[in-house]
Amino acid sequence: MKIYVDSADISEIESALALGLCDGVTTNPTLIAKTGKSMEQAIKDICSIVDGPVHAEVLSLDEEGIFKEGLELSRISDNIVVKIPMCHDGLKATKRFSEEGIDTNVTLIFSASQAILAAKAGASNVCPFVGRLDDISVTGTDLIDEIVSIFDNYPEIDTKIIVASVRSPMHVIDSALIGADIFTIPGKVLTQMEKHPLTDAGIAKFLEDAKKFT
Ligand code: G3P
């Protein structure tokens, strides 16, 4: 199991690193915008502290633009994975990156058919968004179940499934039960995963009872 941090916030990433909970980092334009930095600077800063894969997303939607932008991003650091929005030209660019040996992540996956196409185009990773499916009353983790089952049927597919748009610990638990490869988790959800009210109550009781020691 691998856990990535879904963030461009350096302090959030450092907190996860300190707990051994950062096998990699995924970013997107929304997360980069929150840092107030340029894309290049934000990615450089993350790569300066993270050894694992750092996923940086292209903005172009045409094959040439995606390819050019992806190459520029991949030159920032050896551990860059080029994140490409799921679209027709994105698949064409994914195939070219695959031929060049550059790792990719086809993102904004909302159906198993999209995941199949991305895998066949040679994507190193696909990013199904569970939370955004839940937002429209579709059970997001059902999609994880479908993609895991399909990829398991075809051992030649080595595309990894990164569960994204994780909004709660249940998304992680359900996807782990299904057997997804990677979870990319925001700092807030990592913190929620630590907590249990019975743990807090148990600690309080032990400390109270410890006052009775002779
Ligand atoms: O990894 C994708 C993620 O950042 C999107 O999350 O909560 O905006 O759907 P969300």
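Author: A pocket is defined on a 1 Å grid over the protein atoms alone, as an open set of points where a 1.4 Å probe fits, with protein on both sides within 12 Å along at least five of seven lines, and lining residues are those with an atom within 4 Å of a point. Grid points are joined across faces, edges and corners, and the volume is the space filled by probe spheres set on the points. On these terms the second largest pocket has a volume of about 200 Å³. The model is a predicted one, in which local features need pLDDT of at least 70 and side-chain atom pairs count only at pLDDT 80 or more, while totals for chains, interfaces and linings use all residues. Residues are numbered from 1 along each chain as its sequence is written, and side-chain values use heavy atoms, with hydrogens and water left out.

The second largest pocket is lined by I116, A119, K120, G122, A123, S124, I150, Y154, E156, I157, D158 and T159. Helix α6 (residues 112-121) contributes the most to this lining, with 3 residues; helices (H or I, at least four residues) and strands (E, at least two) are DSSP runs, numbered from the N terminus. By class, the lining holds 6 nonpolar, 3 polar and 3 charged residues, where Ala, Val, Leu, Ile, Met, Phe, Trp, Tyr, Cys and Pro count as nonpolar, Asp, Glu, Lys and Arg as charged, and the others, Gly among them, as polar.

Turning to the strands, β6 (residues 125-128) is covered on both faces, with N125 and C127 buried on one side and V126 and P128 buried on the other; buried means under 20% relative accessible area, with a 1.4 Å probe and protein chains only. Strand β5 (residues 104-109) pairs with β6 in the parallel sense over 4 bridges, two strands being paired if DSSP finds at least two bridges between them. Within this pairing, V106 has V126 in β6 as its bridge partner.

F67 is buried at a relative accessible area of 10%, and F97 is buried at 0%.

Key. Buried < 20%, exposed > 50% of the residue type's maximum accessible area, 1.4 Å probe, protein only.
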